[in-house]
Structures are given as structure tokens and as C-alpha cells.
Amino acid sequence: MEKINKLAEKIISRIKTEEIKPTSRWRFVVKDSFFWLAFILSVVIGAMAVSVILNTLLNNDWDLSLQLSGSLFQFVVITLPYFWLILLGGFIIIAYLNIKHTKKAYRCDLKIIVGGVILISFLLGLTFYNLGLASSLDKKFIQKLPPRFHQMIDSRLEVWQEPQRGFLIGEIQNFSGNSLELRDFKGRFWQIALELEAEELNFIEPLLRTNEKIRLMGSPNPEKCEQCFSAIMVRPLNLPKGDMIHEQFREVFPQDLQGKIIKRESIIKIQE
Amino acid sequence: MQDINEKTDEELVALTLKNQDYFLYLVRRYERKLFRYISRISNLNQDDVEDVLQDIFVKIYKNLNGFDTDLKFSSWAYRITHNEVISNYRKYKNKIDVISFDTDGNFIKNISDELDIEKAFKLVELKKEVDQVLDKIDIKYKEVLILRFLEEKSYREISDILRKPEGTIATLINRAKKEFLKILEREQNYMKRAYNSIVRVI
């Protein structure tokens, strides 16, 4: 223990000789703030993912699930927003890792921290969704990406890229009267004949603008031309916020839509 | 000097940040405690412990501005020591040349208070074996046993040192005690068998 008695002097002498200085307080403040900021950012991004997931689920084409996929289960499997779910999971983990590095977080139980992060993300996501941020995020960010990335981000699109089955998706090139030119996500140009009732056309017309992305249901019309398509239903790629517009769609496309679809399917069967 | 001794650790930290000479008093307050803690947790020899301790005090000095005054200074100093020792544990393990564990009477008393009397009696009988048992136990159990029964830290302090929730610390201590007993009984049986074999041969 004699050695230890000299240790204090040795340490002080080493500090003086090596001119060791305490690290500045602002560095600790910056470090702690960084973890808090990164945590907040992760939660906000996670919440955005939640809002897009809600938007996708609530505005999914549930009314057309049988026509699009054959069964409700298959429709759910195909159209689940996997990209956003993975993104949400990733940012929950990042948020957890950041909060874990803050000064007092270790005192809380892991379950409380993870549960808290999920709850905050969900509540904030719900707020974003109600503020309409999900659809504007989709419009301002995702739709600006090249079409080949669209399907990766929005798995719902897959079912709309089968013109031979009567489902087509693409970007309006020009629109006049009852016809429009559309470029699909594979870069092919289609001549579309709109076979809509006057009421349906009036409702959808404001959405038919150049560069607008839309989904069509109908049947290919090879007698007219190779890339001709007759549409009996038009929907924008992403419905604006919430259920409201969906209700309007249901009002405008009432029961007879089912009749049209059945009719169209019989046409396809006859063609086959 | 009397005046300095009456100052709290936190006051000494504040004074050290103004004048580095005050750090001497903090080092003096903690050098023995931390020396003992490092020895217990790493089993290094005295010279190596001294080297490690020097590095730890330099680290403490460098990080003084990051000291969270909501914690006790001792918890913070133990945390830095613990982190330093654990992050170099493998390196230290290779350097161990003498297994000498400083198990004083306190350890036996403290752990036996929490175990039943019969087992406590066995523990007292097997005081010398405690070193070996602690050396064989998993490091995650060893560190909580040392902090709880040798360093006599509260659950909150151990939670602050190891950066784990108090509930986790309680669970760890319970498991560590069971593991300790399991190894102890195994050692005891081994000793009995060895003793019986010797008796038979004689």
C-alpha cells in the first residue's frame, strides 16, 4: 500500500507533465444533444412511415380486393406496405439506440423505452396522417422518384401493372375529352378510351392533368390498336387524405361497378 | 486541509475544474477504493492495477466536465473504472499471474445475511474457497456480487455504475447468488470426493 500512497502524486505529476486538460463542457453538451436530436429525428421519420402505412392501409383498394388479387388474404399479402414497415422498424431501433446513449435512459426498462418509442411514433404518425402529410409526402417525394422505385416503395402498385388482366397504371401525357395518352411504369405509351358515365367523368376530370399518375381498370383493346385500352374506372395513384374521398368514390362508383367488372371479366374470358 | 476534507466530492470536482491541484484530494479519496475494486474485478497484480488506476484517474480528470451532478461522484468514478476494466478484461485476463482475491470478512458476512443460516455456516467454513468461486463465476455475475457484497453499493448505485435499470440489477444479483451457491456446492463436493479418496488410500 505504500506504492498507492505515491500514486496520487504520480497522477498529478503526469497530468501536469502531459499537460492534460479536462475536455470542454460544450463537447459533452453537443454529444448529449446529438443523441437527443438523432432520437427525435428517428421518431419523426418513424412517425412519417406510420402515417404512410395508415394512408396505404386505409386507402387501399379494399373494395376491389377480389378483382385485383382473387382473395382478400392474397390482396393483404401483396399490398402490405413492406418498405414502410421495414423503415419504421429500422427507425424504431435507431431511436432506441440513440435514447439508450442519453444520460438517464439506462434507468428505464428496455420494454418501456421500446414501447414508448412505438407509442410516440404511432401517435405522431396518426397526427401526420390527419394533417394530410402522408399523401403530400407521397406526392412531393415518392412520385418524384423514377417509376422503377415506385413498386419497391408502394407494393400496391404491383397489382395495377397487368394490362392484360385489365389493370393499368401510369402517368398522363395528355388528356382531351374522352381519351387520354398514358405512359405506364415500363415506359410504354397507351391510348386510353374513357368509357365512363357522365357523372363519373365529371368527378374524375379535375384529376386528369398532365403528369398526374392514375390507375385504370378496363380491358385492352387490341382490335383498335396494340397499345389501346378501354377504361371503365379511373382512380388517382394516391387518393387525397383519409376515408372521405373513398366514400365519394363509392358514391360515384356504386354497385354497378361490380356489374361492369363482371362484364369486363366475361369479355376477357371470351377474348381468351 | 481540514477544510478540504469537509468538502463533498461534487465541491471538489468544481474546485478541480478551476484549479487542477485540487484533483489530488479526489485521487486520495478514491485511490484505495478503486485500487481494491480493480484488483477484485480483474485479479491483476499490484503493479498492473496501479498502471490501470493511473489511466483511470487521467480519464476521470479528462471527463470532469461531463460529470453528471445528479449522480454520486463515487458512482461515476466506479462507472469509468468498470468500463475501463471490462473493455480490457480479456487483455487483463491474459496478464493474471497470481490469483489472489481480497475476500475480507465483509463479503462472507454480507452474502450470508442474504442466504440461509446453514449455507452461511458452510460459507464461513469455506472462506478460502470464495476467491476460487468468484474467479470461476461469469464476469456479469462476478461484477454485481463484488459491487453489492464487497463494495457494499446500493441497487441504485450499482444501476448507475453498470448503466442498467434497478430491476435488472436485482435480477442479476439473484441469479449471481444462485450461481455462486451452485459453484460453491460443486467445489465442496469436489473437495469431499478428493478428501474421501485420500482417506481411502491412506
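Analyst: Happy to! Across the two chains, 27 residues of chain B are in contact with 20 residues of chain A, where contact means C-beta atoms, placed from the backbone, within 7 Å. This is a predicted model: local features need pLDDT of at least 70 and side-chain atom pairs pLDDT 80 or more, while totals for chains, interfaces and linings use all residues. Residues are numbered from 1 along each chain as its sequence is written, with chains lettered from A and ligands numbered from 1 in the order in which they are written.

On the side of chain B that touches chain A, H3 and H4 of chain B are the elements that give two or more residues; helices here are DSSP runs (H or I, at least four residues), numbered from the N terminus. H4(B) gives the most, eight residues.

Now for the packing. The largest nonpolar core has 45 residues, and Leu34(B), Ile38(B), Leu53(B) and Ala77(B) touch the most other members. Such a core is a set of buried Ala, Val, Leu, Ile, Met, Phe, Trp, Tyr and Cys residues joined through C-beta atoms within 7 Å, buried meaning 20 or more other C-beta atoms within 10 Å of a residue's own. Helix H1 (2-17) of chain A supplies at least two of its residues, as do several helices of chain B, including H3 (23-42) and H4 (46-62). H3(B) provides the largest share, nine residues.

Leu53(B) is worth a look: leaving aside neighbours within four places in sequence, Leu53(B) is in contact with Leu7(A), Glu31(B), Leu34(B), Phe35(B) and Ile38(B).

Notes:
A residue is buried if 20 or more other C-beta atoms lie within 10 Å of its own, exposed if 12 or fewer, and partly exposed in between; C-beta atoms are placed from the backbone.
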